[in-house]
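Here is a short note for a colleague meeting this structure for the first time. Please read the points with the model open.

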Amino acid sequence: MEKIIVLSIPFLGTAFGAAMVFFLKGKMNRKLEKILLGFASGVMMAASVWSLLMPAIELEQQQGGIAWFPAAAGFLMGVGFLLALDRLVPRLRPEGKKQGEADADIQKTVMLVLAVGLHNLPEGMAVGVVAAGAMVKDSGITMLGALALAVGIAIQNFPEGAIISMPLRNVGVSRAKAFWYGVLSGAVEPVGAAVTILLANQVVPVLPYLLSFAAGAMIYVVADELIPGAGAENRSKAGTIGVALGFVLMMILDVAV
């Protein structure tokens with residue numbers, strides 16, 4: 001029961017964040033949307049460094065490998081995967097539908113959900129690794145440590161859930177559907193954690209690649225979708241301020257928690 005609670009906490013953070021869509025009335029203010037896009041960019045950039053790339057490098061060092069190789073290879077694979085997906089998504093349009101703003105919105109949404117989902121998967125696996133370590137005698141890892149990690153990830157997942165559901169509502173998706181899209185992006189975490197506990201010996205050696213893959217996918221979305229959207233129109237600095245706030249908050253959470 002204790003393990004189930006620990007594994008569920010990060011997912012609940014995403015779900016609560018996605019639920020913020022029910023507190024919005026009508027269309028989101030454009031300046032608020034730009035701040036959120038910027039904030040998402042900052043969160044994802046900081047998470048890519050402190051939550052994904054640095055742990056990947058440290059894990060590879062502990063395993064006695066070339067510290068930078070999995071980080072570089074996994075990162076480029078993540079970028080390459082979303083680059084290929086970016087070309088594929090426009091072909092998924094229903095027949096007879098004209099290409100335009102709706103297509104751009106669909107594409108951006110698919111990319112964002114996938115990127116956050118890819119980011120959440122290794123996070124869930126990381127919780128699983130710590131929880132698995134806590135079950136090993138004399139490992140020096142406690143279930144309290146796994147709980148602390150899960151709570152820290154849940155805190156950072158809260159804005160990620162909102163980042164997905166709120167823009168969806170802004171382009172006309174119903175509140176319920178926007179909420180479930182946000183929830184879907186976090187559903188991979190408890191699954192990844194459970195699988196990691198069951199297959200700990202097999203997953204740990206490739207975890208640096210998985211962490212770096214997620215980092216590459218996130219940075220691709222930040223550079224290709226979020227920052228351009230946050231900085232568009234009237235030279236507003238709202239998006240830039242959002243990037244700074246998101247980056248600093250995520251950095252503090254990752255380092256302190």
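1. A contact here means heavy atoms within 4.5 Å. Take the contacts in the protein chain with a separation of 6 or more: residues 24 or more positions apart account for 85% of them. Keep in mind that this is a predicted model.

2. The fold is quickly listed. The protein chain has ten helices and zero strands. From the N terminus on, the order of elements reads α-α-α-α-α-α-α-α-α-α.

3. Next, burial and surface. Of the 257 residues in the protein chain, 45% are buried. The chain exposes about 12900 Å². Carbon and sulfur atoms supply 69% of that area.

4. Which residues have the most contacts inside the largest nonpolar core? They are Met44, Leu82, Leu112, Val221 and Leu226, in a core of 44 residues. Several helices each supply at least two residues of this core, among them helix H1 (2–18), helix H2 (30–62), helix H4 (101–134) and helix H9 (207–231). Another core lies apart from it, with eleven residues, including Val6, Ala131, Ala146 and Ala154.

5. Val221 deserves a look. Leaving aside neighbours within four places in sequence, Val221 is in contact with Met44, Leu82, Met111, Leu112, Ala115 and Leu226.

6. Val130 sits in helix H4. With a relative accessible area of 22%, Val130 is partly exposed, because buried means under 20%. Its C-alpha atom is separated by 9.4 Å from that of Ala193, 63 residues apart along the chain.

7. Ile155 belongs to helix H5. Its relative accessible area is 40%, so Ile155 is partly exposed.

8. Now the aromatic rings. The count comes to six aromatic pairs. One of them joins Trp50 and Phe247 edge-to-face, at 5.7 Å centre to centre and 70 degrees between the planes. Trp50 lies in helix H2 and Phe247 in helix H10, so this pair ties together parts 197 residues apart in sequence. Trp50 is partly exposed, with a relative accessible area of 27%. Phe247 also counts as partly exposed, at 27% relative accessibility.

9. Phe179 and Trp180 form an edge-to-face pair too: 5.1 Å centre to centre, 65 degrees between the planes. Trp180 is exposed, with a relative accessible area of 55%. Together with Phe22, Phe179 and Trp180 form one aromatic cluster.

Key: Residues numbered from 1 in each chain as written. Predicted model: local features only at pLDDT ≥ 70, side-chain atom pairs only at ≥ 80, totals over all residues. Heavy atoms only, no water. Helix = DSSP H or I, 4+ residues; strand = E, 2+ residues; numbered from the N terminus. Buried < 20%, exposed > 50% of the residue type's maximum accessible area, 1.4 Å probe, protein only. Areas by Shrake-Rupley, 256 points an atom, 1.4 Å probe, with all protein chains shown as cover. Core = buried A, V, L, I, M, F, W, Y, C linked by side-chain atoms within 4.5 Å. Phe/Tyr/Trp six-rings, centres within 6.5 Å; stacked < 30°, edge-to-face > 60°.
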